[in-house]
Amino acid sequence: MTTSPIVSLRAVSKRFATVQALDGVDLALRPGEVHVLLGENGAGKSTATKVLAGLEAPDDGGIVLDGDPVVMRGRADSIRRGVGLVSQSGSLIGGLTLVENLLLTHTSWFARRSTAVDMLHRAADAAGITLDLDTPAHALGVAQRQLGELAIALAQGARVLLLDEPTSALGPHEIGGLFARLRQLAESGVAILFITHRLSEMRQVADVATVLSHGKVSLHGSVSETDDDTLLRAMTGELPPRAVERPHRTVGPVLLRLAEVTAAGPERVPLRSVSIEVRGGEILGVLGVAGNGQRTLAEVAAGVLTPSLGSVQTSRDVAYVPETRSDGLLPDMPAKRSAVLRRLTEPAFARLGVLDDRAAGRFAAELFDRYDVRPRDPEVPAALLSGGNQQKLLVGRELDGAPRIAVLHGPTQGLDVRATEAVRTEIRHAAEEGTAVLLVSSDIDEVRGLADRLVVLFDGRVADQFDAADFDATRVGRAMAGLPTTAADHQ
Amino acid sequence: MRTVVIAACVSVGLVIAIAVLAASTGSDVPVIAVGWWRGAFGTPYNAVQTLSFATPLVLVALGVSVALRAGMVMVGAEGQLIVGAILATVTLQALGPVPGLVALPLGAVAGMIGGGLWSTLSGALLLRWRVNEILSALLANYLAVHLLAYLLRTGLRDPAGAATPQSAPLLAEALIPRLPVPGRLHVAALVVLGIVLIALWWHHSRIAFIVDVHGQRPWLASRLGVSPASIVLSTSAVSGAAAGLAGWMQLAGVDGRLHPGISAGIGFSGLVVAVLGRNHPVGIVMAAIAFASLTTGANGVQIATGTVPASIGAVAQALLLLAVAVVVVVARRNVAARRAQRKDDRALA
Ligand SMILES: Nc1ncnc2c1ncn2[C@@H]1O[C@H](COP(=O)(O)OP(=O)(O)O)[C@@H](O)[C@H]1O
Ligand SMILES: [Mg+2]
């Protein structure tokens with residue numbers, strides 16, 4: 001508390017049309033301190049980081065850097081001033097590798113590839129992460145992309161690191177490693193702002209917390225002196241409902257079956273001879289450190305990717321929530337167009353073959369109501385909804401109308417406490433209606449709380465599988481790390 | 001609403017392009033403007049000429065826009081038009097003397113089949129081996145030009161003709177009748193008008209939206225039961241057929257015989273028009289007329305000034321493309337943002 005902040009927001013306000021995203025927000029980032037920013041979806045967290053990074057200009061108030069008021073003129077300016085950003089939506093250029101993405105932001109006239117490779121290697125080592133520097137960004141998993149952005153920020157010489165939900169796509173193993181490095185970076189004098197929805201994570205790494213609610217700071221204090229209930233109340237104004245007990249469900253026939261499937265997907269690790277079965281009314285959870293074949297498995301199960309070997313029994317109308325939410329939306333079109341996509345061929349949505357946009361709008365408005373997508377306006381282009389609201393729209397569309405099979409990859413990514421609970425309730429509800437659910441998630445607690453059976457993927461293979469009743473954290477940890485787990489393996 | 005904005009942009013870009021060029025030659029801008037207007041629309045004959053130049057552009061652009069919506073940048077219209085014209089010529093010559101009621105539809109169908117098959121080639125290469133559609137279409141264009149040159153020196157060469165590589169003239173029955181107007185506008189222009197109306201329906205159809213979805217997120221389209229193969233093949237076939245039909249129209253309605261210059265750059269201009277018209281049928285019609293008016297208007301400019309060459313039209317066309325490409329990109333962003341804001345205000349009001 002004695003050190004003076006490197007950078008701070010002073011009474012910053014920012015309005016988008018009628019949404020007051022930030023309302024007189026004060027936020028000070030001090031060297032050596034990990035500062036966590038909490039708040040529901042749409043509370044203004046991303047907007048605050050964007051203002052700090054010069055991506056949005058405040059309507060009111062200002063930024064103070066090293067004690068002097070400054071105006072951030074765009075991203076290039078903030079990079080030069082030492083502000084690093086790992087944004088929620090990702091800012092890497094998909095067709096370029098990490099090295100090329102770094103070169104792109106170079107401010108000097110001479111950008112040498114070998115220097116950039118060196119810098120990235122050094123930054124990645126300093127942060128304790130292994131990176132694939134030569135694969136185009138779009139082929140990397142979400143986790144690798146975010147870690148890549150972190151390394152790029154460090155290579156740019158950041159003194160301030162803004163991390164917008166960097167852990168939402170990471171597994172516990174990676175999160176642990178990342179946190180250790182963040183602490184080291186903080187001790188070396190970097191100021192870190194960290195956004196998350198998970199309170200347990202916050203307790204592991206953060207020193208101070210600021211809670212935003214509807215654009216206002218509703219709480220600020222030291223992490224060790226604030227308990228969870230206080231934080232949750234500051235975020236939502238109420239306590240979240242308790243998780244319900246898992247009801248006993250009747251299990252039907254096998255609806256989704258992968259037999260000896262080998263497939264090369266967008267990930268670096270292919271799927272190697274994987275067999276799984278999911279019955280109607282059953283939730284199969286898939287765990288694993290990000291990048292061990294989960295995305296390929298999800299794509300094969302959803303029928304998006306054709307395997308090179310093995311057979312797949314699925315249905316054409318499978319509900320699929322892809323890992324990257326924009327893959328399931330039409331970003332530039334009004335959100336109602338995205339909302340109607342699963343039901344588009346129903347007679348209600350066309351008259352004489354002409355798309356009935358009004359009917360689509362009514363359908364979307366109803367969907368927005370049920371899944372609490374904000375703002376309640378189906379005409380807004382999907383890309384302009386906040387990340388959490390895009391996710392609600394996507395999950396709502398896919399789970400709507402009791403699909404036979406649902407493949408859900410990180411369905412609660414980026415959702416706040418309340419929305420997460422709502423989506424989990426929907427998933428349970430779908431299973432009760434007889435849907436076969438394949439739940440891929442890096443959130444162990446989520447999978448454990450929802451799934452009836454679990455599968456652990458390592459290096460594209462099923463490393464272990466067991467009933468949820470037999471859940472054992474050490475066993476899961478070993479399987480995720482690729483270590484032998486069962487007695488049979490020891491013999 | 002959008003089309004009005006686009007039309008305004010097109011006209012403004014057009015005026016600016018010509019004014020800049022005019023200033024550079026030292027002629028008076030008003031003189032040039034009046035000359036351009038005379039040449040493009042000033043007399044009934046000139047106006048009809050402009051429409052007749054615009055007709056094949058509309059047809060090709062409508063076809064290209066279908067492929068563009070499916071996410072394919074269709075640069076093969078030039079070759080498709082040529083192959084359409086070749087197949088129409090071959091068919092009509094093989095047919096010999098038959099009544100117009102037979103020759104006209106058969107010629108049209110042959111043109112469409114020729115163009116359609118030629119473009120399906122690119123589509124199939126894309127599907128089977130993921131050959132980039134731009135690359136394969138450019139190669140197919142090249143191939144078509146040489147096929148035409150070869151045939152005009154061998155099988156299709158006019159037996160009565162001199163050294164010029166061209167086919168024998170079509171029989172009178174195979175020629176598309178002119179409309180009773182001054183200028184060279186043929187009856188098939190009415191067919192194009194009908195196609196515009198169909199395109200207008202299609203533009204708002206559910207199928208077209210599914211094609212859009214495929215263009216952006218293929219898996220979402222295939223989940224609706226529309227396979228990527230069917231979309232790629234059908235949209236490339238439709239766009240090729242449109243170009244091939246335009247080829248037959250140039251052959252039987254304008255030139256009367258097959259010759260090396262039959263395509264007259266219409267294939268490439270059609271792509272430009274589709275982009276200028278932003279895939280909307282009405283936008284395409286207006287863009288095609290604006291584009292054609294640069295050619296016809298340039299003649300008027302040359303006559304009015306005496307110093308500015310008619311090739312100013314071609315230069316203006318290129319400049320226009322550049323200007324409008326920028327305008328379109330900027331406008332698209334603004335429109336989306338403004339709309340979001342307006343709706344937001346209303347929702348909370
Ligand atoms: N570019 C934008 N245009 C319009 N509204 C926006 C824009 N960016 C954010 N918003 C709105 O501002 C509010 C705060 O968004 P954001 O900062 O992304 O929230 P979060 O706390 O979930 O990161 C949301 O209601 C969001 O819809
Ligand atoms: Mg956010």
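How many nonpolar, polar and charged residues does the shell around ligand 1 have? By class, there are four nonpolar, six polar and two charged residues in that shell, where Ala, Val, Leu, Ile, Met, Phe, Trp, Tyr, Cys and Pro count as nonpolar, Asp, Glu, Lys and Arg as charged, and the others, Gly among them, as polar.

A word on the ground rules first. This is a predicted model, in which local features need pLDDT of at least 70 and side-chain atom pairs count only at pLDDT 80 or more, while totals for chains, interfaces and linings use all residues. Residues are numbered from 1 along each chain as its sequence is written, chains are lettered from A and ligands numbered from 1 in the order in which they are written, and side-chain values use heavy atoms, with hydrogens and water left out.

Back to the ligand. The residues around ligand 1 (a heavy atom within 4 Å) include A:F16, A:E40, A:T47 and A:S386. Helix 1 (45-52) of chain A gives the largest share of this shell, three residues, and strand 2 (19-29) of chain A also supplies at least two. Here helices (H or I, at least four residues) and strands (E, at least two) are DSSP runs, numbered from the N terminus. Oxygen atoms of ligand 1 meet the backbone in several places: a backbone N or O atom lies 2.8 Å away in A:K45 and 2.9 Å away in A:G44, while a polar backbone atom of A:A43 is 3.2 Å from a ligand oxygen. Taken alone, ligand 1 exposes 560 Å², and the protein buries 82% of that (accessible areas come from the Shrake-Rupley method with a 1.4 Å probe; for residues, only the protein chains shown count as cover).

Next come the rings. Over all chains there are seven aromatic pairs, meaning rings of Phe, Tyr and Trp (its six-membered ring) with centres within 6.5 Å; planes under 30 degrees apart count as stacked, over 60 as edge-to-face and the rest as tilted. A:F349 and A:F363 make an edge-to-face pair, 5.5 Å centre to centre with 80° between the planes. A:F349 sits in the loop between helix 10 (335-339) and strand 16 (350-351) of chain A and A:F363 in helix 11 (residues 357-371), so the pair ties together parts 14 residues apart in sequence. In chain B, ring pairs link B:W36, B:W37 and B:F41 into a cluster.

Chain B itself has 13 helices and zero strands.

Definitions and conventions:
A polar contact is a pair of N or O atoms within 3.5 Å; within protein, one must be able to donate a hydrogen and the other to accept it, and residues adjacent in sequence count only if both atoms are side-chain atoms.
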